[in-house]
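This report describes selected local features of one protein model. The sequence and the structure are shown below.

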Amino acid sequence: LCTGFGDARRRAFGVFGDGTNVATRLMQAAHDEILCDEHTALAARERLLFSPPQALQVKGRQQAVRVSRPLGRRPAGEAPGAALVGRIEERRRIEAGVEALVSGRGGLLLIEGEAGLGKSMLLSEARQQARDRGLRCVGGSGDVVDRSTPYLAWRAIFTDLLEIPPHLDGAHAAQHILTRFAAARNIADRLPLRGPVLGLSMTDTEHTRDLRGDVRAANTHRVMRAVLRHFATDRGLLITLEDAHWLDSASLAYLGWLARKPDRWLIALTSRPQPERRWPLALRDAALEHLRLGEMSDADVRALALQVLGVTDLPRALEQLLGHKVGGNPYFCCELLRALQENGCIRVRDGVCQAVGLLGDDLPTTVESAVLGRLDRLAPPEQFCLKTAAVLGQSFPEDV
């Protein structure tokens, strides 16, 4: 209860109720740390990581309170409850690719599946395995809106590798590269060819002025490959490309060109199912490890639900609902569970999941309806922020 109290001469505002009492007790028990009850941890899990809940007996309450400790901000792009469930064979094949890279053998890995089946989660698994073995990871992605800007998918990769600060124009970026890699002739030479890849305008030199058409594209591919070789010499390099079905033609052509000459890097792609002719011939002829994702089993969907909710058992009604609606799609499973929690249809109290009103006609039936239902419950300023972000695109600088 939030209310004012007092009289016309002197009034104050107060917050009363069970939540306030629990917060007071947790503050008294904290001892220079932060303790959150399970409702607070649930509300903040989109932004923060929390320790597993533990029972804590506090003054004035007969039952123990399940508390968690915040561990820090959740990494960008990592969903709550993001531990990978199932996909044992796919994870084994990813591990084999990373181990081969550690041994000096590069390769190509295509993770293909419909939306929501966990392609990005498997790509995160590949990145984690690579980092655990001391490999460097860089990544880019296709853009659903912009499929005409040349090399857009590779821009973030080479900007990261060349350590180019944001907001530098072409001349200053060129000077930065020359200073940063003065001893590496293969990096510093023919800088203007890197301009289109980095999204920068660089003045041609005597070495690049007369290059046109296919000859210029071929030379651009070579200098970009030289950059990759420079950074993959001492240790392997994992290159990830998400949403490859949206790659612009130049990015796709360069991917095919790299596939003809594998080196000390592993290129891992995610894509929705595509006709074979979509991919460059060189990519089809390469030693491509192809992972085709299908629907998750009922057992894996149940395990995912237990993980997302932080419980050890599910009500029978909820388990039947998931089996009927989710269709083995892990992303839909997560979004449906969060929508049901926000609707008050399921509640988690003291580590026990309770189902209330799961037979309503307004339950989400698709991924889109589940997400839109959650967006509709946001405050107007947050909705406006998301609409603005949607106009900007799938990715944009943090300061924007």
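## Salt bridges

A salt bridge is counted when a side-chain nitrogen of Lys or Arg is within 4 Å of a carboxyl oxygen of Asp or Glu. The model is predicted, so local features need a pLDDT of at least 70 and side-chain atom pairs count only at pLDDT 80 or more, whereas totals for chains, interfaces and linings use all residues. Residues are numbered from 1 along each chain as its sequence is written, and side-chain values use heavy atoms, with hydrogens and water left out. Side chains of opposite charge can pair when their charged atoms come close. The structure holds 10 salt bridges.

One of them joins the side chains of E319 and R302, with an N to O distance of 3.3 Å. E319 belongs to helix α13 and R302 to helix α12, so this pair ties together parts that are 17 residues apart in sequence. Helices are DSSP runs of H or I with at least four residues, strands are runs of E with at least two, and both are numbered from the N terminus. Burial is stated by relative accessible area: buried means under 20%, exposed over 50%, and partly exposed in between (1.4 Å probe, protein chains only). On this scale E319 is partly exposed at 27%, and R302 is partly exposed at 26%.

Which residue meets R91 in a salt bridge? The partner is E125, at 3.8 Å from N to O. This pair links distant parts of the chain, since E125 is in helix α4 (residues 119-132) and R91 is in helix α3 (residues 88-102), 34 residues apart. R91 counts as partly exposed, with a relative accessibility of 24%.

The side chains of R133 and E95 form another salt bridge, with an N to O distance of 3.6 Å. R133 lies in the loop between α4 and β9 and E95 in helix α3, so the pair ties together parts that are 38 residues apart in sequence. Relative accessibility is 30% for R133, which counts as partly exposed; E95 is also partly exposed, at 36%. A network of salt bridges links E95, E99 and R133.

Helix α14 covers residues 330-343 and has 14 residues. From its first C-alpha to its last it reaches 20 Å, close to the 20 Å expected at 1.5 Å a residue; the expected span is 1.5 Å times one less than the number of residues. The helix is mostly covered, with 11 of its 14 residues buried. Among the buried residues are P330, F332, L336, L337 and L340, and also the charged residues E335 and R338. The buried residues of α14 pack against α2 (38-44), α12 (298-309), α13 (316-325), β13 (346-349) and α15 (367-376), where contact means heavy atoms within 4.5 Å.

Leaving aside residues up to four places away in sequence, N329 touches A115, G116 and L117. After α14 comes G344, whose phi is positive, near 80°.

Most residues other than glycine have a negative phi. Y151, although not a glycine, has a positive phi of about 60°. Y151 is found in the loop between β9 (136-141) and α5 (152-161), and Y151 is buried, at 9% relative accessibility.

D243 also has a positive phi, near 55°. The loop between β10 (237-242) and α10 (249-260) contains D243, which is buried with a relative accessible area of 19%.
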